[in-house]
Amino acid sequence: MKLRLLPLITLLTGTMISLLSWAQPAQKLALSPISQPAAATAENSLPELLNLQQDAQIAGDRFALILVSQPDCQYCELITREILQPMQLSGKYDKKLLFRKLTIFDGSKTIIDYNGDPVDATAFASRYNSAFTPTLLFVDPNDGKVLTDKMVGINTVDLYGFYVDRAVNKARKALRYKLLASN
C-alpha cells in the first residue's frame, strides 16, 4: 500500500512546494536547505528557449524538454544543477531530446513559437498552464503538442531523476508513435 501512495505523495508535495513558490519569493522559503549555486556559465547552463521553430528544424525525431523557470528560483537552479545538466552532459539523451530553459516573469522576453509567431515567454508558458516554477514540459517542437504529463515542483532530488527519466521515456514513445502514425 505504501508503494502505491508514493507517487501521489510525491505529486502532492511537489504541487505544494510549487504553490508556495508562486505565493512567495523563493528566497523567503525555508522548506529545505539549499545552498546557493555558483553563477551559471555558458558551459554549465541549459540552452535558452528562443525559437521553437528553429528547434523543430534541428530536432529531427527528438522532442524538447523545457524547464520553465524564473529569475532567482532556487528550486529551478537545483533541478538544473543536480538533474538536467548531468543528463545533458552524459550524452545519453542526445538522440532523444533537446534541453531548453524558458525563463518567465523576466520582463519583456519574447520567443518564437512553433508557428513562427513572436510570443511573450510568460504567455507561452501559460499555454501549457505552467505558471509555477520549476515545471518540466515534454513538447513536440514541430507542433507544440505535449507528449506526456508535465512535472511541477520538486520534493526530493533522490527520486526526481527517476521520475524525469520515466517521463522522458514516455515522451519518446509518444513521439515515435506520432511519427509512425503520420507516415
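Modeller: A nonpolar core is a set of buried Ala, Val, Leu, Ile, Met, Phe, Trp, Tyr and Cys residues joined through side-chain atoms within 4.5 Å. Please keep in mind throughout that the structure above is a predicted model.

Colleague: With that definition in hand, which residues have the most contacts inside the largest nonpolar core?

Modeller: The largest nonpolar core has 27 residues, and those with the most contacts inside it are Phe63, Leu65, Leu84, Leu136, Phe138, Val164 and Val168. Two or more residues come from each of strand E1 (63-69), helix H3 (74-90), strand E2 (97-103), strand E5 (135-139) and helix H5 (157-182). Apart from this core lies another, of 15 residues, which includes Ile66, Ile104, Phe124 and Tyr128.

Colleague: If I centre the view on Val168, which residues does it touch, leaving out those up to four places away in sequence?

Modeller: Val168 touches Phe63, Leu65, Met87, Tyr93, Lys96, Leu97 and Phe138.

Colleague: Where do these elements fall in the overall order of the chain?

Modeller: The chain has five helices and six strands, and from the N terminus on they run α-α-β-α-β-β-β-α-β-β-α. Of the 183 residues, 41% are buried, and among contacts between residues at least 6 apart in sequence, 70% join residues at least 24 apart.

Colleague: Turning to strand E1, how many of its residues are buried, and which way do they point?

Modeller: Seven of the seven residues of E1 are buried. Phe63, Leu65, Leu67 and Ser69 point one way from the strand, whereas Ala64, Ile66 and Val68 point the other way. E1 pairs with E2 in the parallel sense over seven bridges, and Leu65 stands opposite Phe99 in E2.

Colleague: How should I read the buried residues of a helix, and which are they in H2?

Modeller: The general idea is that an α-helix has 3.6 residues a turn, so residues three or four places apart point the same way. In helix H2 (residues 52-59) the buried residues are Leu52, Asp55, Ala56 and Ala59. Seen down the axis of H2, these buried residues fall within an arc of 105°, so they line one face of the helix. They pack against E2, strand E3 (110-112) and helix H4 (121-127).

Colleague: What should I look at around the start of H2 and just after H2?

Modeller: At the start of H2, a side-chain oxygen of Asn51 reaches to within 3.0 Å of the backbone nitrogen of Gln53. Just after H2, Gly60 takes a positive phi of about 65°.

Colleague: Which residues other than glycine have a positive phi here, and are they buried or exposed?

Modeller: As background, most residues other than glycine have a negative phi, and most peptide bonds are trans. Asp72, in the loop between E1 and H3, has a positive phi of about 65° although it is not a glycine. Exposed means over 50% relative accessible area, and because its relative accessibility is 55%, Asp72 counts as exposed. Asn129, in the loop between H4 and E5, has a positive phi near 50°, and at 62% relative accessibility Asn129 counts as exposed.

Colleague: Is the peptide bond from Thr133 to Pro134 cis or trans, and where does Pro134 lie?

Modeller: The peptide bond from Thr133 to Pro134 is cis, with omega near 0°, and Pro134 lies in the loop between H4 and E5.

Note on methods
Residues are numbered from 1 along each chain as its sequence is written. This is a predicted model: local features need pLDDT of at least 70, side-chain atom pairs count only at pLDDT 80 or more; totals for chains, interfaces and linings use all residues. Side-chain values use heavy atoms; hydrogens and water are left out. Buried means under 20% relative accessible area, exposed over 50%, partly exposed in between (1.4 Å probe, protein chains only). Helices (H or I, at least four residues) and strands (E, at least two) are DSSP runs, numbered from the N terminus. Contact means heavy atoms within 4.5 Å. The arc is that of the directions from the helix axis to the C-beta atoms. A polar contact is a pair of N or O atoms within 3.5 Å; within protein, one must be able to donate a hydrogen and the other to accept it, and residues adjacent in sequence count only if both atoms are side-chain atoms. Two strands pair if DSSP finds at least two bridges between them.
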